[in-house]
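Hi there,

Here is the structure I promised to pass on, with its sequence. Have a look at it first, and then read on for what I found in it.

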Amino acid sequence: MSDSSAPQPFPWRVVIPVKDTVTGKSRLVPPEGISRNFLAMSIALDTINAARHCLGAAALVVVTGDEALQAHMGSWGVPVLPDPGGDLDAALRAGASYAVTAARTAGHEEPGVAALLGDLPGMHPDDLRSVLLAATGVPRGYVPDRDGTGTVLLTAAPGLALAPAFGPGSAGRHGEQAVDLTTLVEVPERLRLDVDVRADLARVAQLGVGRHTAMVLSLGAPD
């Protein structure tokens, strides 16, 4: 198993795509008394905040068209790239290109690039740190979601294209060119649990969520 306290052999840039929280998470039915918009925003904030505490704000790139989220990222010092339009893969390719170009322009060491879904409110900073450390040992890596069919994290070592292939069944596609990182390091369920539907939300709430999601959930009526 990887030692999450060990230094990374090369730097990482993490791209986090987030849909407009007004229209995103359309399948997620929130608890009574809670706005889906606020819930979607809180989930994104907790995911980004955990990544920020893992790597630092400057190592992230949030790709979003959500103006409220863009403003919040400004207060955190997190670089934002407006959503270029198209599908999730297009957003990730744009974010990866931006991250690598920014690193080169600043004269920094060539980074590895990771794509992280923006709906992992239970993730801890150490979870991400441990997985990225394991990912430094392979050209490309991925973490399947809890069901084993989707993907929550995709990585590419310096000099390699990210090559995202998200959508239904993405774990199978990513597995054709990348190593399943769960075979190299223990990955907690909370990192693999992306919130799409009410059952996902209920499960991650049991495991523990970040402060933004916890606060929003506290406003709802008891089930």
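The protein chain has eight helices and seven strands. Please keep in mind that this is a predicted model. Its radius of gyration is 16 Å, close to the 17 Å that the globule rule gives for 223 residues, so the chain is as compact as a globular protein of that length. Along the principal axes, the C-alpha atoms fill a box of roughly 50 × 35 × 30 Å.

Of the 223 residues, 49% are buried. If you take the contacts with a separation of 6 or more, 67% of them are between residues 24 or more positions apart. The accessible surface comes to about 9800 Å², and carbon and sulfur atoms account for 53% of that. As for charge, there are 17 positive and 24 negative charges, and their mean positions are 1 Å apart.

Helix α2 covers residues 67–76, and its buried residues are L69, M73 and W76. Why do they line one face of the helix? Seen down the axis of α2, these buried residues fall within an arc of 55°, so they share one face. On the face turned away from the buried side, you will find the exposed residues E67, A71, G74 and S75. And what covers the buried residues of α2? The cover includes the strands β1 (12–18), β2 (60–64) and β3 (80–82), together with the helices α1 (36–55) and α8 (211–217).

Helix α1 is also where T47 sits. T47 has a relative accessible area of 0%, which is under 20%, so T47 counts as buried. Neighbours within four places in sequence aside, T47 is in contact with L116, L117, G118, D119, L120, P121 and M123.

Finally, go to the segment after α8, where G220 lies. G220 is 181 residues from L39 in sequence, yet the two are 11 Å apart in space, C-alpha to C-alpha. With neighbours within four places in sequence again left aside, the contacts of G220 are E32 and I34.

Terms used. Residues are numbered from 1 along each chain as its sequence is written. This is a predicted model: local features need pLDDT of at least 70, side-chain atom pairs count only at pLDDT 80 or more; totals for chains, interfaces and linings use all residues. Side-chain values use heavy atoms; hydrogens and water are left out. Helices (H or I, at least four residues) and strands (E, at least two) are DSSP runs, numbered from the N terminus. The radius of gyration is taken over C-alpha atoms; the globule rule is 2.2 Å times the number of residues to the power 0.38. Buried means under 20% relative accessible area, exposed over 50%, partly exposed in between (1.4 Å probe, protein chains only). Contact means heavy atoms within 4.5 Å. Accessible areas come from the Shrake-Rupley method with a 1.4 Å probe; for residues, only the protein chains shown count as cover. Lys and Arg count as positive and Asp and Glu as negative; His and the chain ends are not counted. The place of a charge is taken as NZ of Lys, CZ of Arg, CG of Asp or CD of Glu. The arc is that of the directions from the helix axis to the C-beta atoms.
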